[in-house]
Amino acid sequence: MAVSLRSALQRLHGMFAVYKPPGVHWKQLRDTVETKLLNELNSLEQPVVQQQIRFVPSVIKGENGNETHLTVTQVPVLADHPRVTGPKFVGVKVGAGHRLDLQSSGVLVLGVGNGNKQLNRLYHCHLTKEYIVKGSFGTATEDFSNTGRVIERTTYDHITRDRLERIIAVIQGSHQRALLIYSDVDLKSQEAYELASRGLLRPVNKSPPIITAIRCVHFSPPSFTLEIQCLHETQQYLRKVVHEIGLELKSSAVCTHVRRTRDAIFTVANALIRTQWDLPSILAAVQASRLKVEAKLHEQSWRLLESSEEDMYTVVKARVLEKGNHCPGSTQLGD
């Protein structure tokens, strides 16, 4: 279906996800999307070139020789011609959310128009992301990846799935404790239990990388595959986790693959592949995600508001009690 320029400009505000292949820098991908959008916006509707009346002289042979006549004609006003004025759109701001490094692949969230502000707000919601991380036992490298310089080779025949899952359980347990600490909730409170059971625990501010869930989905030595949910991570940190798992199992391991399958509300199913980096597909993706994005931002705003109200209540209560303790003749509950 054809898209009008007016309609495109009204709808081109929001967030969408693209699939970043390995070996492509995220900036190169973002620039490619920007260029595609610019070219297609400029090709939608060319302005009608204004015409002007001109008297064009022409020579006609008559009885008395050559005679000059003026012919009325319409010619384009060159000052308004597209080849003179150039493209109407010379810049479209496309922002990128949580980055993916060169070797990684998967979901990369982009924002266009006022979607760039939503990107920033979503960043401060501290939502989790999901990865498929593959590793291989028996080798250690300088950068924890299978492409780095090999510094050690070890045996791995003693590693079983049961041993691997015990190490994974220890990792998850330590990160769950860290999540409780950075979420700034009482570890023994009902609130902490309910938030943890519903998967709603979030750090109040920026924190070190935290793994909220990790499990082994494939084990065929020397290869293994992990499914990891985390926040505030980098892809290099996930490679280091694979390296440390190898060390805990009295062996070594390198990361062979890092793929992000979800970033907040955006999944692989929502991500546009390279052949879909065009204006109609991006408009459809922005439209499809708009309600979900607004709902998630609204939900997080209410959580922050509730937290602020609870903090204010605690402060006021403490001040009242403090004043009561210093007032002569004041009585305490239970006296």
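Visitor: Is glutamine 235 buried or exposed?
Guide: Glutamine 235 is buried, because its relative accessible area is 6%, under the 20% cut-off. Keep in mind that this is a predicted model.

Visitor: Okay, and where is glutamine 235 found?
Guide: You'll find glutamine 235 in helix H7.

Visitor: Which residues does glutamine 235 touch?
Guide: Leaving out residues up to four places away in sequence, glutamine 235 touches Arg99, Leu100, Asp101, Ser104, Tyr131, Val258 and Arg260.

Visitor: Let me zoom out. How many helices and strands does the protein chain have?
Guide: The secondary structure comes to 8 helices and 12 strands.

Visitor: And how many of the residues of the protein chain count as buried?
Guide: The chain has 335 residues, and 38% of them count as buried.

Visitor: What share of contacts join residues at least 24 apart?
Guide: Taking contacts between residues at least 6 apart in sequence, 70% join residues at least 24 apart.

Visitor: Now the inside. How many residues are in the largest nonpolar core?
Guide: There are 51 residues in the largest nonpolar core. Phe16, Leu110 and Leu164 have the most contacts inside it. Helix H2, residues 26–44, gives this core its largest share, 6 residues.

Visitor: Which other core is there?
Guide: A second, separate core has 14 residues, and Ala17, Ala264, Phe266 and Ala271 are among them.

Visitor: Back to leucine 110, what does that one touch?
Guide: Beyond residues up to four places away in sequence, leucine 110 touches Gly14, Met15, Phe16, Val18, Leu29, Val33, Val94, Gly95, Ala96 and Leu119.

Visitor: New topic, pockets. How much space lies in the second largest pocket?
Guide: About 360 Å³ of space lies in the second largest pocket.

Visitor: How many residues line it, and which lie nearest its centre?
Guide: The lining of the second largest pocket has 24 residues. Nearest its centre are Gly97, His98, Arg99, Tyr123 and Lys129.

Visitor: What is phi of histidine 232?
Guide: Phi of histidine 232 is near 60 degrees, a positive value in a residue other than glycine. Histidine 232 has its place in the loop between S10 and helix H7 (235–248).

Visitor: Is histidine 232 buried or exposed, and why?
Guide: Histidine 232 counts as buried because its relative accessibility is 13%, and buried means under 20%.

Visitor: What about phi of lysine 250?
Guide: Lysine 250 also isn't glycine, and its phi is a positive value, near 60 degrees. Lysine 250 is found in the loop between H7 and S11. With a relative accessible area of 70%, lysine 250 is exposed.

Visitor: One more stretch. Where is aspartate 184?
Guide: Aspartate 184 has its place in the loop between helix H5 (161–182) and H6. Its relative accessible area is 62%, so aspartate 184 is exposed.

Visitor: How far apart are aspartate 184 and leucine 201?
Guide: Aspartate 184 and leucine 201 are 17 residues apart in sequence, and 9.6 Å apart in space from C-alpha to C-alpha.

Visitor: And glutamate 191, where is that found?
Guide: Glutamate 191 is in helix H6, residues 190–197. At 38% relative accessibility, glutamate 191 counts as partly exposed. From C-alpha to C-alpha, glutamate 191 and leucine 201 are 9.8 Å apart in space, and they are 10 residues apart in sequence.

Conventions:
Residues are numbered from 1 along each chain as its sequence is written. This is a predicted model: local features need pLDDT of at least 70, side-chain atom pairs count only at pLDDT 80 or more; totals for chains, interfaces and linings use all residues. Side-chain values use heavy atoms; hydrogens and water are left out. On a 1 Å grid over the protein atoms alone, a cavity is a set of points where a 1.4 Å probe fits but cannot get out, and a pocket is an open set with protein on both sides within 12 Å along at least five of seven lines; lining residues have an atom within 4 Å of a point. Grid points are joined across faces, edges and corners, and a volume is the space filled by probe spheres set on the points. Helices (H or I, at least four residues) and strands (E, at least two) are DSSP runs, numbered from the N terminus. Buried means under 20% relative accessible area, exposed over 50%, partly exposed in between (1.4 Å probe, protein chains only). Contact means heavy atoms within 4.5 Å. A nonpolar core is a set of buried Ala, Val, Leu, Ile, Met, Phe, Trp, Tyr and Cys residues joined through side-chain atoms within 4.5 Å.
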